[in-house]
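Reader: I would like to learn how to read a model of this kind. Where do we start?

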Amino acid sequence: TQRTLVLLKPDTVRRGLIGEIIGRIERKAGWTISALELRSLDQETLEQHYGEHKGKPFYEPLVDFMSSGPVVALVVEGERVIEGVRALAGPTDPIAAAPGSIRGDFGTIVRENLIHASDSEESAERELKIFFPGVV
Ligand code: GTP
Ligand code: MG
């Protein structure tokens, strides 16, 4: 069984979509939320988390956006949960995301795409250590 890091981004919190999105995750058979926290992210945390994108044109706006308000950080556990939450989220660009997916249903702007989910086992391990050092 797997563990993944999920962040409900500041747009989700501002728009009152926390319950909607957590509900979709909770309703998947056998998945469990094992940690959950509302928190504001500082620059150091964001630099660690999004380090792979440093130097790209969207990096600074991304970090500004991610520090524009609190996020909800969750650890989700269960069968193929890494691939599974990515599938629930849909592609990065919400306009390219199919209706039925979180980004497809609620997003229009690439940066404000509602949710982050670890993209591999290696990323999950790395990101869980950043956000929930006690859990991993
Ligand atoms: P995360 O789960 O947030 O990591 O999204 P992702 O894995 O679908 O995308 P990726 O890691 O490639 O990029 C991280 C975030 O940067 C995305 O979620 C977007 O918010 C933003 N981003 C990525 N690519 C672009 C882009 O081409 N333009 C803009 N404006 N933002 C981008
Ligand atoms: Mg990513």
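Author: We start with Phe58, which has 12 other C-beta atoms within 10 Å and is therefore exposed. The model is a predicted one. Phe58 sits in the loop that links α3 (43-49) to α4 (59-66).

Reader: Which residues does UniProt place under "binding site"?

Author: The entry, which is unreviewed, gives that feature to Lys9, Phe58, Arg86, Thr92, Arg103 and Asn113. Such an annotation may be inferred rather than shown by experiment.

Reader: Is Lys9 buried or exposed?

Author: The general idea is to count neighbours: a residue is buried if 20 or more other C-beta atoms lie within 10 Å of its own. Lys9 has 25 C-beta neighbours inside 10 Å, so Lys9 counts as buried. Lys9 is in the loop between β1 (2-8) and α1 (10-14).

Reader: Which residues does Lys9 touch, not counting those up to four places away in sequence?

Author: Contacts of this kind show what the fold brings together. With those sequence neighbours set aside, Lys9 touches Met66, Val71, Leu114, Ile115 and His116.

Reader: Where is Met66 found, and is Met66 buried or exposed?

Author: Met66 belongs to helix α4. The count for Met66 is 21 C-beta neighbours inside 10 Å, so this residue is buried. Apart from residues up to four places away in sequence, Met66 touches Lys9, Pro10, Leu41 and Leu46. Met66 and Lys129, by contrast, are 63 residues apart in sequence and 19 Å apart in space, C-alpha to C-alpha.

Reader: What does UniProt say about His116?

Author: The unreviewed entry has the annotation "active site" at His116. His116 is part of strand β4, and with 21 other C-beta atoms within 10 Å it is buried. Leaving out residues up to four places away in sequence, His116 touches Val6, Leu7 and Lys9.

Reader: Which residues are around ligand 1?

Author: For a ligand, we list the surrounding residues and then sort them by class. Around ligand 1 are His53, Phe58, Leu62, Thr92, Val110, Arg111, Asn113, His116, Ala117 and Asp119. That shell has 4 nonpolar, 4 polar and 2 charged residues. Among the residues around ligand 1 are Phe58, Thr92 and Asn113, which UniProt also lists under "binding site".

Reader: In what order do the strands of the sheet lie?

Author: The order here is β2-β3-β1-β4, an open sheet of 4 strands with antiparallel pairing. The edge strands are β2 (32-39) and β4 (115-117); each has a single partner strand, so one side of each is left without a neighbour in the sheet. On average, neighbouring strands are turned by 15° against each other, direction ignored.

Reader: How many bridges join β1 to β4?

Author: There are 3 bridges between these antiparallel strands. Across this pair, Leu8 stands opposite Ile115 in β4. Helix α5 (residues 81-89) packs on the sheet and touches β1, β3 (71-78) and β4, with its direction at about 30° to that of β1.

Reader: Is Leu38 buried or exposed?

Author: Leu38, a residue of strand β2, is exposed because it has 11 other C-beta atoms within 10 Å, and 12 or fewer is the cut-off for that class. Not counting residues up to four places away in sequence, Leu38 touches Pro70 and Val72. Leu38 and Leu8 are 30 residues apart in sequence and 9.2 Å apart in space, C-alpha to C-alpha.

Methods: Residues are numbered from 1 along each chain as its sequence is written. Chains are lettered from A and ligands numbered from 1 in the order in which they are written. This is a predicted model: local features need pLDDT of at least 70, side-chain atom pairs count only at pLDDT 80 or more; totals for chains, interfaces and linings use all residues. Helices (H or I, at least four residues) and strands (E, at least two) are DSSP runs, numbered from the N terminus. Two residues are in contact if their C-beta atoms, placed from the backbone, lie within 7 Å. A residue is near a molecule or strand if its C-beta atom, placed from the backbone, lies within 6 Å of it. Ala, Val, Leu, Ile, Met, Phe, Trp, Tyr, Cys and Pro count as nonpolar, Asp, Glu, Lys and Arg as charged, and the others, Gly among them, as polar. Two strands pair if DSSP finds at least two bridges between them. Axes are lines fitted to C-alpha atoms, for helices over the stretch in contact, and angles run from 0 to 180 degrees between N-to-C directions.
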